[in-house]
Amino acid sequence: MRLSGRRQSTNVDDRRSLGGVGKKSSMGIGGLIIAGIIYLIMGGDLSSFISNYASQAITIQGSDGGSYTATAEEEELAVFASQILAGTEDVWSAIFKNSGRTYRAPKLVLFSNRVQSGCGGATASTGPFYCSADQTVYIDLSFFTSMKRQIGADGDFAYAYVIAHEVGHHVQYLLGTLNQAYSKMNQVSERESNQISVRLELQADFFAGIWAHYDNKMFGSLEKGDIEEGLNVASKIGDDYLQKKAYGTTQPESFNHGTSAQRSRWLNKGITTGDLSAGDTFSVSYSSL
């Protein structure tokens, strides 16, 4: 991505030096074995996870206490994350303004080891997540290293996709979609709840694509191979891919993020169309997603 000279967001709270602060949490946002890291790349609201998916928790390899000393690579990633957040602010502010709304940007908290969020305590093993209780995206930057090492997902746009997806959940919150979906999830069967979760996640993927489309229009940020990086990640975080890799089989009724094909398709749809009205994942039939 072309980010040279781009502004950094002022909505970043760097808590990495506070590495041991906060309650320790053993929760991850779904997945088993290898899925422990991969599911969390595109995880949703932690508060919803706690109530709906705690039984599926698994952790990834992460640091466990001790003082924090940032590496040069992590410092570069911190600047990168701040620039990507700034890009989402610019894009979504313009989109909301065009529809007569005002965009309230989320905060981004960078942490090391563990953190206390408005949704409770979390650790590095929780992965990136969005908490609607405090309208904040949380991320331990070492997660990107784990992405590269454990699933072969590398590249600046692949990392940007992670952040943009979480911001996509914030957009859902501002539009009222997130709370409506969670309210419905608490009233239906587990299978139906999973299907609603899939719709939420695919729409967040679409919103990540929308961001990429307009960020490129505004700043010429995308380079050759960037979109392929994003689609590569999407293809490796589908429920079917993860379950097949972990167990050799799949259980479609337990899917709660979408298949590889679905995730790639909705991300690419946002990137290529830039049409916000094309991202309604709730009106189409589940089989058509």
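Which residue in S6 is the bridge partner of Leu110? The partner is Ile139, and that pair sits in one part of a protein chain with 10 helices and 6 strands. Helices (H or I, at least four residues) and strands (E, at least two) are DSSP runs here, numbered from the N terminus.

Keep in mind that this is a predicted model: local features need pLDDT of at least 70, side-chain atom pairs count only at pLDDT 80 or more, and totals for chains, interfaces and linings use all residues. Residues are numbered from 1 along each chain as its sequence is written, and side-chain values use heavy atoms, with hydrogens and water left out.

**The chain overall**

- Of the 289 residues in the protein chain, 55% are buried; buried means under 20% relative accessible area, exposed over 50%, and partly exposed in between (1.4 Å probe, protein chains only).
- The protein chain exposes about 11800 Å², with carbon and sulfur atoms supplying 48% of that area; accessible areas come from the Shrake-Rupley method with a 1.4 Å probe, and for residues only the protein chains shown count as cover.
- Take the contacts (heavy atoms within 4.5 Å) between residues at least 6 apart in sequence: 78% of them join residues at least 24 apart.

**The open sheet**

- Four strands make up an open sheet, ordered S1-S2-S6-S5, and the pairing is mixed; two strands pair if DSSP finds at least two bridges between them.
- At the edges are strand S1 (12-14) and strand S5 (129-131), each pairing on one side only.
- From one strand to the next, the twist averages 25°; axes are lines fitted to C-alpha atoms, for helices over the stretch in contact, and angles run from 0 to 180 degrees between N-to-C directions.
- S1 and strand S2 (residues 107-110) run parallel and are joined by 3 bridges.
- Within that pairing, Val12 stands opposite Leu108 in S2, while Asp14 has Leu110 as its bridge partner.
- S2 also pairs with S6, in the parallel sense and over 4 bridges.
- Helix H5 lies across S5 and strand S6 (136-139), and runs at about 25° to S5.

**The hairpin**

- Strand S3 (residues 114-117) and strand S4 (residues 120-123) run antiparallel, with 4 bridges joining them.
- S3 and S4 form a hairpin with 2 residues between them.
- Ser117 stands opposite Gly120 in S4.

**Nonpolar cores**

- The largest nonpolar core has 59 residues, and those touching the most other members are Met1, Ile84, Trp92, Phe144, Met147 and Trp211; a nonpolar core is a set of buried Ala, Val, Leu, Ile, Met, Phe, Trp, Tyr and Cys residues joined through side-chain atoms within 4.5 Å.
- Helix H5 (residues 156-175) gives the most to this core, with 11 residues.
- Setting aside residues up to four places away in sequence, Phe144 touches Leu77, Ile139, Tyr159, Val162 and Ile163.
- There's also a second, separate core of 8 residues, including Val115, Cys119, Ala122 and Phe129.

- Ser82 is found in helix H3 (residues 72-98) and is buried, with a relative accessible area of 4%.
- Leaving aside neighbours within four places in sequence, Ser82 is in contact with Arg7, Gln8, Ser9 and Val12.
- A polar atom of the Ser82 side chain lies 2.9 Å from the backbone nitrogen of Ser9.
- Glu74 lies in helix H3 too, and is buried with a relative accessible area of 16%.
- Glu74 and Leu141 are 67 residues apart in sequence, yet 6.5 Å apart in space, C-alpha to C-alpha.

**Loops with positive phi**

- Most residues other than glycine have a negative phi.
- Asn113, in the loop between S2 and S3, has a positive phi near 80°, and is buried with a relative accessible area of 5%.
- Gln135, in the loop between S5 and S6, has a positive phi near 50°, and is partly exposed with a relative accessible area of 23%.

- Ser288 is in the segment after helix H10 (260-273).
- Ser288 and Gln262 are 26 residues apart in sequence and 9.5 Å apart in space, C-alpha to C-alpha.
- The side chains of Ser288 and Ser285 are joined by a polar contact of 2.7 Å; a polar contact is a pair of N or O atoms within 3.5 Å, where within protein one must be able to donate a hydrogen and the other to accept it, and residues adjacent in sequence count only if both atoms are side-chain atoms.
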